[in-house]
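Work through the exercises below with the model open. Try each task before reading its solution.

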Amino acid sequence: MKIADKYYTIVCDDIRHELGNKLTLAGVYGEQIIIGTIPCILPKLCLAVFLHGVNPEFKGFDVNVKFPDGETKKLQHIAVDQQRPKKGKQDANVVIVISPFRVPCEGKAAFELSSGMQKKPEIIHKFDICKMETTPSEK
C-alpha cells in the first residue's frame with residue numbers, strides 16, 4: 001500500500017514556516033552537496049517532503065540517514081497530522097531538520113523514510129557529498 005499517490009523531496013539548508021501555510025526553503029541543493037572542508041559539521045540540513053493524495057492510514061515516518069562511511073543514523077519518528085476535516089485523500093508537507101549534521105567523508109548518502117506500511121523504505125532521497133575542488137591559485 002502506497003503512502004501517497006505522489007511525492008517529492010528537497011534538501012536544503014533551512015526551512016521556515018510562513019503565514020498562509022507556506023514554507024520558505026533556503027539554500028536548496030541539487031544532487032550534490034559541495035562542501036569546502038570534509039570532514040565537517042554543518043549547522044543544519046533539512047529535508048522537505050511534499051505528499052500528494054496521502055493514504056488515510058498513513059500516520060508518520062521513521063527516518064534514517066545513510067552516510068558515505070556506511071553509518072546509518074536513526075532519527076526519531078515523525079508523526080504526520082491528518083486531523084483536518086477533509087474526506088478522502090489529502091496533501092501533507094513534512095519538514096525534517098537535522099542539527100547539527102555531521103559530514104564524515106565524501107560519497108553517496110541518503111535519507112530513507114519508512115512508514116511501516118511496507119518492508120522497504122517508501123521514500124529515498126539520494127545525494128552525493130563532494131569536496132569543493134580548488135584551483136592551483138587557491139592552494
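**Exercise 1.** Classify Phe101 in this predicted model: buried or exposed?

*Solution.* Take the relative accessible area of Phe101, which is 2%. The cut-off for buried is under 20%. Phe101 is therefore buried.

**Exercise 2.** How are the rings of Phe67 and Phe101 arranged?

*Solution.* Start with the geometry. The ring centres of Phe67 and Phe101 are 5.5 Å apart, and the planes meet at 35°. Stacked needs planes under 30 degrees apart, edge-to-face over 60. The pair is therefore tilted. Next, place the residues. Phe67 lies in the loop between strand 6 and strand 7, and Phe101 belongs to strand 9 (residues 101-103). Finally, look for a charge. The charged end of Arg102 sits over the Phe67 ring, 5.0 Å from its centre.

**Exercise 3.** Which strands form the open sheet, and in what order?

*Solution.* There are 5 strands, ordered 3-11-10-6-7, with mixed pairing. Strand 3 (32-35) and strand 7 (72-79) are the edges, each pairing on one side only. From one strand to the next, the twist averages 20°. Now take one pairing. Strand 6 (residues 60-66) and strand 10 (residues 107-114) run antiparallel, joined by 5 bridges. Among the residues involved, Val63 has Leu113 of strand 10 as its bridge partner.

**Exercise 4.** Is Phe127 buried or exposed?

*Solution.* Its relative accessible area is 3%. Under 20% counts as buried, so Phe127 is buried.

Technical notes. Residues are numbered from 1 along each chain as its sequence is written. This is a predicted model: local features need pLDDT of at least 70, side-chain atom pairs count only at pLDDT 80 or more; totals for chains, interfaces and linings use all residues. Side-chain values use heavy atoms; hydrogens and water are left out. Two strands pair if DSSP finds at least two bridges between them. Helices (H or I, at least four residues) and strands (E, at least two) are DSSP runs, numbered from the N terminus. Axes are lines fitted to C-alpha atoms, for helices over the stretch in contact, and angles run from 0 to 180 degrees between N-to-C directions. Rings of Phe, Tyr and Trp (its six-membered ring) pair if their centres lie within 6.5 Å; planes under 30 degrees apart count as stacked, over 60 as edge-to-face and the rest as tilted. Buried means under 20% relative accessible area, exposed over 50%, partly exposed in between (1.4 Å probe, protein chains only). A charge sits over a ring if NZ of Lys or CZ of Arg is within 6 Å of the ring centre and within 35 degrees of the ring normal.
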